[in-house]
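Dear colleague,

I am passing on the structure we talked about, placed just below, and after it you will find what came out of going through the model. Please read the notes with the structure open beside them.

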Amino acid sequence: MLRAEDVKDEFLLCGICTKEFDEEIHTPRVLPCLHTFCQSCMKKILKGNLMVCPFCKVEYALPSDGIYVFPKDSTRRNLIEFLKVRKRSSDILCKDCPDDNIAADFCKECYIFMCLDCTRAHRRSLASRTHPTIDIKQLQTSGPEVFRRKLKCTKPGHEGQPLVFYCTKKECDQLVCTTCTVCDHDKTKGHAIVNVKDIHSQKTAELNKVFKMLQNDVNTAKMISQQTEQELLNIDIKEYEIEQEIEHAFEACHKALDLRKQELKSKLAALCENKKSAMIYRSRHIETYINDVTNAKEFANSITNHADPTEFIPLHLTLYRRLKMLTGQKFKKTLQVESPSFEPVKMNDDFLRFVTGMGQLSTVVHTRKLSWKRGRTDVGTTGARTPSIEGDIRLGDILCPEFVYDPDTVHQYRKISENLKSLQNQSLGYTAQLPHSERRLRKYRGVVGSRPFQHPGKHYFEVHVSFKIHKQLDNVNFVFEIGIINRRSDVDSGHYVYDHRNAWSFCAQHCEEHKQLCQWCRHDGRNLAHDPLSGIDAGTVVDVTYGFLVDTDRRKLVVADCTNQRNLYTFTNLEVTRPLWPVFGCHWPSKVKIDMTLRTGNEIQEIPAHLQSE
């Protein structure tokens with residue numbers, strides 16, 4: 001049986017004026033594109049004989065009948081009455097008297113609600129005494145089929161006759177009554193009359209055949225959609241890995257440039273040392289020559305000026321030979337200096353052109369067979385871990401995905417449990433021997449979830465946060481953060497994610513306004529809401545469970561306090577074109593001891609009542 005809560009309100013309201021459909025002013029009419037609006041709004045948006053669907057923009061050229069060519073949608077009328085009985089029966093008024101009495105019964109033949117007085121009159125009337133009636137209390141336990149109407153002929157003279165036949169003649173193609181078959185749809189004149197039940201079965205079978213074809217296409221489309229979502233995850237992982245490849249490649253280029261730089265410096269030092277040695281040797285040779293000439297000249301002058309001719313003559317030959325020998329010593333009369341120089345060969349425009357062309361990005365087209373395997377596809381990156389989806393559980397229309405903390409991303413000063421569900425802040429003296437991982441966080445003091453939210457629909461998980469303050473907090477102390485971000489590579493650009501344009505953060509921090517610890521909701525560096533959480537004095541203990549409902553269809557994130565059964569804030573306009581990664585951070589181990597425990601997948605037994613309506 002259809003439940004009242006299963007009927008979406010949007011199904012009962014006009015998509016233009018948002019008024020509830022009725023049988024008078026807001027009569028629902030269905031366009032060929034299957035969008036339904038009330039005829040009052042249709043008249044307003046009709047331009048001449050042209051109707052444009054406000055939703056899908058399909059244009060319809062109408063005949064002289066105008067909007068009345070579009071059929072009424074009586075199903076919505078039936079559901080409206082069904083919901084009125086189920087949800088607000090005390091508001092239903094009698095339709096058979098002018099006194100606005102509260103309705104007590106419903107006539108299944110006339111399809112009207114009646115008060116007790118009108119019901120008695122209805123049963124006494126010769127025309128209606130055989131009509132079946134049902135009281136409101138019985139209606140409240142019945143399904144919408146009670147309100148189904150058997151349409152009756154509206155032709156003059158045929159009024160009230162049930163439409164029990166169908167004329168299949170191409171020019172007719174309509175429901176007819178018994179009188180119509182005799183007067184206007186005579187078989188002898190080429191009309192083909194079929195019992196309405198038979199044509200219903202026939203047309204239902206036609207629809208079922210189309211349904212089956214569409215369902216096969218939908219199943220294929222869903223498989224493609226699932227694989228596409230998995231490939232989106234793989235591309236996200238691949239982007240991070242290629243970023244690391246680019247970093248490594250350019251680091252290698254930097255090392256090669258540094259090596260070449262050191263090589264040139266070494267050659268320069270050797271060249272300069274060689275040139276300086278040659279110049280020093282020549283300088284010393286010239287200094288020796290100058291000293292020799294100076295000494296010889298001084299000695300000769302002394303002999304010439306102070307010796308007796310008889311003393312000079314014997315020494316003349318020795319002096320002459322020495323001076324003559326010094327005149328024979330030749331040296332370059334010009335100074336040539338070889339100065340080192342540097343030519344930036346291939347380092348100016350040529351180098352810039354070379355650098356501009358360094359590295360290339362390309363894509364490879366893969367055509368994949370539609371073979372879905374849980375948790376992975378055959379497209380991905382070497383060594384990239386694809387998160388498991390075993391353990392997922394669906395509660396109503398909400399998926400509780402199974403995921404854990406990703407051990408390859410946890411910061412070296414943070415600790416996660418063996419089951420990868422508990423995150424603790426550690427003192428700066430913590431020196432765990434973590435295995436090497438290129439994805440390990442270096443700035444962000446926390447961890448990334450092992451799996452993003454990327455499937456359409458609602459996703460839910462919880463985090464149990466418990467902490468004890470052992471030193472009083474001050475106005476700079478940031479305690480913990482839980483958020484989602486749609487670029488995983490941005491997580492490690494800082495100690496927090498609340499100032500990112502593509503991140504939505506729920507965190508606890510000292511509040512100067514309240515002089516205590518408050519819960520903050522932040523995005524793009526802006527404070528959107530905050531609420532007191534606890535005191536800031538040593539000895540304060542907090543134990544609370546938070547729920548997070550991610551709705552990718554409506555692009556919103558609802559943060560709830562499950563312990564106190566209330567919603568804290570709803571983020572809107574989430575950017576969902578990329579996977580949304582959950583991130584978790586905890587801070588100030590010198591002042592507070594924190595444990596953040598994940599509850600995901602089948603660990604979730606029920607969705608809090610205050611979140612189910614979101």
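A residue is called buried here when its relative accessible area is under 20%, exposed when that area is over 50%, and partly exposed in between. By that criterion 36% of the 614 residues of the chain count as buried. Please keep in mind that this is a predicted model.

On confidence, the mean pLDDT of the chain is 83, and 90% of its residues reach 70 or more. Over residues 370-388, however, the pLDDT is below 50, although this stretch has 46 contacts in the model beyond near neighbours in sequence. Residues 428-432 also stay under 50, and for them the model has five contacts beyond four places in sequence. Where pLDDT is low, the predicted coordinates should not be read in detail.

As for the fold, the secondary structure comes to nine helices and 25 strands, and among contacts between residues at least 6 apart in sequence, 60% join residues at least 24 apart. The largest nonpolar core has 40 residues, of which Phe480, Phe584 and Met596 touch the most other members.

The largest pocket may interest you, with about 2,100 Å³ of space in it. Its lining is made of 46 residues, and those nearest the pocket centre are Ser74, Arg149, Lys150, Leu151 and Leu175. Two or more lining residues come from each of β1 (28-30), α2 (74-88), β9 (174-176) and α6 (196-306), and α6 gives the largest share, with seven residues. Sorted by class, the lining of this pocket holds 20 nonpolar, eleven polar and 15 charged residues.

Finally, there are two backbone details that I would check by eye. Most residues other than glycine have a negative phi. Leu420, at 22% relative accessibility, counts as partly exposed.

With best wishes

Technical notes
Residues are numbered from 1 along each chain as its sequence is written. This is a predicted model: local features need pLDDT of at least 70, side-chain atom pairs count only at pLDDT 80 or more; totals for chains, interfaces and linings use all residues. Side-chain values use heavy atoms; hydrogens and water are left out. pLDDT is the predictor's confidence in each residue, from 0 to 100. Contact means heavy atoms within 4.5 Å. A nonpolar core is a set of buried Ala, Val, Leu, Ile, Met, Phe, Trp, Tyr and Cys residues joined through side-chain atoms within 4.5 Å. Buried means under 20% relative accessible area, exposed over 50%, partly exposed in between (1.4 Å probe, protein chains only). On a 1 Å grid over the protein atoms alone, a cavity is a set of points where a 1.4 Å probe fits but cannot get out, and a pocket is an open set with protein on both sides within 12 Å along at least five of seven lines; lining residues have an atom within 4 Å of a point. Grid points are joined across faces, edges and corners, and a volume is the space filled by probe spheres set on the points. Helices (H or I, at least four residues) and strands (E, at least two) are DSSP runs, numbered from the N terminus. Ala, Val, Leu, Ile, Met, Phe, Trp, Tyr, Cys and Pro count as nonpolar, Asp, Glu, Lys and Arg as charged, and the others, Gly among them, as polar.
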